[in-house]
Structure formats: structure tokens, C-alpha cells
Amino acid sequence: MEAKQNLVIFVATLVIVAAIGIEMASADSLCGLTINDLMTCKSAVSGPKPLPPSDKCCAALTKADLPCLCTFKNSPMLSTFKINSTLAMDLPSKCKLDSPNCSA
């Protein structure tokens, strides 16, 4: 029974990731950020010793719809891509931008 439940969770996760991937590919952006924009911030939101956000990362975030990014705050997709959601939500303040109110 547990194996069947794990398979269902795995398939559901794949469907979600695929749907988001299709959405990103069709819109070529996520919350106003391109895949290249997102990749400039990867080192600041992943790994055991994340780096401070780069100037390129912060410049990319100035174009972002920050409240839109709140919708991904608790997404299992983040851990799939080895993104620490706490670090990701701290990026705006580290870049001296107004942080979105994700609790609203």
C-alpha cells in the first residue's frame, strides 16, 4: 500500500513539474523572470553554503512580480530543484528590495 501511495505522490509531483515547465516554456518567464534570470540567483538559494546574491541576481529581481513568487513559497517543486525556500524568500531583502507580504 505504501509503495502505491509513494508512486501516486511521485507521479503527481512529475505532473506538477511538467505543468510548470510547460507554463514557463510557453510564457518564457515565471513571475516576470526568465529562466536565465532565475539561474543567476541559484547559487544564493541552494547548497549548504549559499553565496550572497550577485548583482545580476538582484538586477533580475527588480523586474520580478515579487508577490507572484509567494505562490511558490511552499511548493515541493523548490526542493526538487534543490532550492531552499527560506533563502529564496530572503532574496528581496538581501537585494535591498521591498519584500512581498507572502502571508496575505
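The model is predicted, so local features need pLDDT of at least 70, side-chain atom pairs count only at pLDDT 80 or more, and totals for chains, interfaces and linings use all residues. Residues are numbered from 1 along each chain as its sequence is written, and side-chain values use heavy atoms, with hydrogens and water left out. The chain has seven helices and zero strands, and a search of the whole structure finds four disulfides.

**The chain as a whole**

- Read along the sequence, the pattern is α-α-α-α-α-α-α. Helices (H or I, at least four residues) and strands (E, at least two) are DSSP runs, numbered from the N terminus.
- Of the 104 residues, 27% count as buried. Buried means under 20% relative accessible area, exposed means over 50%, and partly exposed lies in between (1.4 Å probe, protein chains only).
- The chain exposes about 7100 Å², and carbon and sulfur atoms supply 63% of that area. Accessible areas come from the Shrake-Rupley method with a 1.4 Å probe; for residues, only the protein chains shown count as cover.
- Among the contacts with a separation of 6 or more, 64% come from residues 24 or more positions apart. A contact here means heavy atoms within 4.5 Å.

**The disulfides**

- A disulfide is a pair of cysteine sulfur atoms within 2.5 Å. If you number the bonded cysteines of the chain in sequence order, the pairing reads 1-5, 2-3, 4-7, 6-8.
- Cys41 is joined to Cys57, with an S to S distance of 2.0 Å. Cys41 lies in the loop between helix H2 (35-40) and H3, and Cys57 in helix H4, so this pair ties together parts that are 16 residues apart in sequence.
- The torsion about the S-S bond of Cys41 and Cys57 is about 105°, so this disulfide is right-handed. Cys41 is buried, with a relative accessible area of 8%, and Cys57 is buried too, at 0%.
- Cys58 and Cys95 also form a disulfide, with their sulfur atoms 2.0 Å apart. Cys58 sits in helix H4 and Cys95 in the segment after H7, so the pair ties together parts that are 37 residues apart in sequence.
- The link of Cys58 and Cys95 is left-handed, with -75° about the S-S bond. Both Cys58 and Cys95 are buried.
- Cys70 and Cys102 form another disulfide, their sulfur atoms 1.9 Å apart. This pair links distant parts of the chain: Cys70 is in the loop between H5 and helix H6 (76-80), and Cys102 is in the segment after H7, 32 residues apart.
- The torsion about the S-S bond of Cys70 and Cys102 is about -70°, so this disulfide is left-handed. Cys70 is buried, with a relative accessible area of 14%.

**The nonpolar core**

- In soluble globular proteins, nonpolar side chains tend to be buried together.
- The largest nonpolar core has 18 residues, and those with the most contacts inside it are Leu33, Leu61, Ala64, Leu69 and Leu91. A nonpolar core is a set of buried Ala, Val, Leu, Ile, Met, Phe, Trp, Tyr and Cys residues joined through side-chain atoms within 4.5 Å.
- H3, H4, H5 and H7 each supply at least two residues of this core. The largest share, four residues, comes from H4.
- Leaving aside its neighbours within four places in sequence, Leu61 is in contact with Leu33, Cys41, Leu66, Leu91, Pro92, Cys95 and Leu97.

**Helix H7**

- The buried residues of H7 (residues 85-94) are Leu87, Leu91 and Pro92. Seen down the axis of H7, they fall within an arc of 155°, so they line one face of the helix. The arc is that of the directions from the helix axis to the C-beta atoms.
- These buried residues of H7 pack against helix H3 (42-45), helix H4 (55-61) and helix H5 (66-69).
- Just after H7, Lys96 takes a positive phi of about 60°.

**A buried aspartate**

- Asp37 lies in helix H2 and is buried, with a relative accessible area of 12%.
- Leaving aside its neighbours within four places in sequence, Asp37 is in contact with Gly32, Ala60 and Lys63.
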